[in-house]
Amino acid sequence: MAIPGATDSTYVPVPGDLAASFTVQVTGTRTGYITVARTSAATAPVAAGWAAPTISGTASFGSTLTAVPGSGGPTGVTLGYQWYRSGVAIDGATAATYVLVNSDYSSFLTVQVSASRPGHPTESRTSLPTARVTRATLVWSRPTITGTAKAGSTLTVDPGTWGPSPLIQRYWWSGSGPGRNKASYLVTGADAGKTLTVQVSGTKLGYYYVLRTSAPTAVVQPGTFSPAPIPTVTGTHNVGSTLTADPGVWGPDDRGSYGPVPVTLKYQWYRSGVAIVGATASAYVPVARDTAATLTVQVTGSRIGYDTLTRASAATAPVTAGWEVPVITGTASVGSTLTAVPGSGGPTGATLGYQWYRSGVALDGATAATYVPVAADVSENLTVQVIASRPGCPTESRTSIPTAAVIKGTLARFTPTITGTARAGSTLTVDPGRWGPSPLVLRYSWTGSNPVANKASYVVTGEDAGKALTVTVSGTRLGYFYVLGRSAPTAVVADGTFSPAPVPIVTGTAAVGSTLTADPGVWGPDEQSRYGPVPVTLKYQWYRSGVAIVGATASTYVPVARDTAGTLAVRVTGTRTGYNTLARASAATAPVAAGWEVPTITGTASVGSTLTAVPGSGSPTPVTLGYQWYRSGVAVDGATAPTYVPVASDLSATFTVQVTASRPGYATDSRTSIPTAAVIKGTLVGPTPRIIGSARVGSTLTVDPGTWGPSPLKLRYLWSGSNPERYKASYVVTGADAGTTLRVTVTGIKLGYFYALRRSAPTAVVPPGAFGPAPVPTATASPSPSASPMATAAPTATATATATASPSASRTPSASPPATSTTSRTPIPDPSASKESPVAATVPAAVGKGHVEPQASVQTPLTGTQFDSAAGTGAGYPAVESPEEAAIPAEALATPDAGPSSTAVPSSTAAPGITATPSPSAKPSEPVASSASQASNTASFPLLLLVLTICGALVAGALVWFGRPIRSALVRRRGPRAGG
């Protein structure tokens, strides 16, 4: 029967397991392999003993853990305790309880319970570790908000009861105000129409961070201005005097995310209760119409999230007669004329003078009734003071209300016109018209392709052909707005005509083997583009007695024997974008005289190919011919044969060959060939590679690349599989390749050649692999750390399975700890395993009371561990089917002199248990993931118990008779037992 939760490689029997036997099932998995499970033979029935202690309580910071000693322990003893943090003893933690502290976070805790009694050795048991210690959880309450949700009011948060104290609490309100991180919050106007919440967070060392949000408030209502005082009017209430409204201080204060939010105040003046049109400033100057009337002012306050509120002042006394302030007529812009109109009611018979002011500063010389703003007045306010003077009376003056801020003036503009012919190579000119006022700056921008497009004239380019052109004229002057004027488009630009286009001239000697050169002259007109001059493209065609010579399209031509007695001419054709194509033909040469032809070169100009020099006909006879090859005009050392094979250093170069004719008594003569094309890279030759081997997990595939050339060259490999070692000529198939096909790509590389790729055909689909070996695990009983006459030690059963792939690959398991004696057991082979993979299994178990010899075992982690070469890491792994489970008998081992002096040698401080350890069955590069071992116990029937008891007694008697010499030797090696 499977034991719930018993999925580790070790298991500690509990009191409920008494008289039961155990097996362990080990399951091995790996990508691309068939899952295999192996079950060990059953252990002997579990004997009674002192159970390991248990720990009660929650493994979290601040919680209390309690050690509960296991049942079956010795009686009449004193129990001691020692707590461990991840295996390290905690100083001072020697009580039955332990309160977790911050340093325990993420650790595992165990407790060791020691039993002591005078005259007897101390015995101890260690608990299983707790879960990993976590942080504790704070006690919290949901915060509540008190106060009225209205703009301008203050809300307060009650966080409730949090603990344990002390702890740190922080606040965060959802509103728009700046003080959102405090326990109280001033509601702003920007919050109106929304609901508000507050978040309270609690932090304390060793505890999880807690964040709680309050319930939302009601929708925030608009606020009410308070205070909102009655405005007062100050000043003299007569015509021409200035009255000022004092609104007082409005509240409450309000702050947004970017600073204080002021109250917006608007004014409206009233004449005897009737609103005065345009009187919306904080100051008002009574006019003649206001005489005998009373004046009041209304101040209206507004702010986002607040109810609008209006307050009206008390009425003034009736306005008395007086001299009205002057008014300014005209537009406050640069270049416009402003006029001062004196107010009515002024003194009679007086002479009026004027003084204009820019933002309160008198303007020098501005003493006329009119004023034209200039560029310096932009953004300034202008006022005018009218001064009345007459002989024998004091001077009196009145100042106008300021104008609006002066703005820039507007230039007068006209639509420009274009004159000239819209043809490539011609010049167009713009007439901008009459712009003003002068002086001003005019700039030009043509839509064509000529980079010189910012002048009043424009040279049409070939790229403009087929398009219509326009020009934009811009006018600028200080103090005026920038103004643009655009012309109407021209007609579509026609193709241009080359001028000049001279007749070409042929220079050189008209003889076979001599070079003739065509001089085309200078073609025009000149043209510029954004990237520089645009040349005329000239093409050449040579003619023999009026017939075009095939291939003779260069600016030079070397006559051949076929040209003898014929005349030669050249035709030059000029082309350029946007121009009509034009051809000019030269005059014919004199008849060509006989001579020696220049040599020719045959073959492809590429690395590795052969170039051959073919001497021209007509050479002097008999002569000796010599050869010299040239790389881009430089003689190649040693290249004096009729053939030449380009090498990697010749890439991109051109080749010529010079053929020299020599004869005793005659002058040496030579001819040089026309250059080849630039040398390019050569082409490698390589066949399709072939894969050799069986596409099976664990097997090795090899690639046969075939014969590549030319030699020497480098070959590189790339397999399509998952093995990281896939860049070699051989490839070991992995489990991840199962279900796929494999291919290999071979790349050939050689300096001066194009690299070449060849890909093999795919292999067959790789089938899943099989584990080999996959041994049956065995269960081995190990004793408790110490045994005394106070209790019987409950042995630890260790499941051990070792396998050897081949005799050369096996290795002895790691040695036991020095404090543990080892008893040899004869390996019992798995009858279903191959002879090359013997399975060694040993399962000793304790029956009844008595001294138990400690059993050495090798424990290997099961999951996610890469096995080393302890077993099964040889060059080849035999693929075998899963062997049947082997029945491995349990051996009972007890000493005949069990008693007070019998003491087990402690091997660790861990509680007794069962450890399941499979042997390595995979290569180091591919770890086998073993599923958690599943231990199971089987309740023994009464008959089975009787049989096992008799067998145990017989085996014990035999060991007493035959084992005394071994026993004595062991005692001598260990030394005297405690108490003996």
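Student: What is the average pLDDT of the protein chain?

Tutor: pLDDT is the predictor's confidence in each residue, from 0 to 100. Here the protein chain averages 82, and 80% of the residues score at least 70. Over residues 919–926 the pLDDT is below 50, and this stretch has 29 contacts beyond near neighbours in sequence, a contact meaning heavy atoms within 4.5 Å. Where pLDDT is low, the predicted coordinates should not be read in detail. In this predicted model, local features need pLDDT of at least 70, side-chain atom pairs count only at pLDDT 80 or more, and totals for chains, interfaces and linings use all residues. Residues are numbered from 1 along each chain as its sequence is written, and side-chain values use heavy atoms, with hydrogens and water left out.

Student: Which residues does a cis peptide bond join, with omega about 0°?

Tutor: Most residues other than glycine have a negative phi, and most peptide bonds are trans. In this model, Ser499 and Pro500 are joined by a cis bond with omega about 0°. Pro500 is in the loop between β38 (483–486) and β39 (505–507); strands (E, at least two residues) are DSSP runs, numbered from the N terminus. Another cis peptide bond, with omega about 10°, links Gly524 to Pro525.

Student: Where is Ala19, which has a positive phi of about 70°?

Tutor: Ala19, which is not a glycine, lies in the loop between β1 (10–11) and β2 (20–29). Its relative accessibility is 30%, so Ala19 counts as partly exposed, between buried (under 20% relative accessible area) and exposed (over 50%), with a 1.4 Å probe and protein chains only.

Terms used
Helix = DSSP H or I, 4+ residues; strand = E, 2+ residues; numbered from the N terminus.
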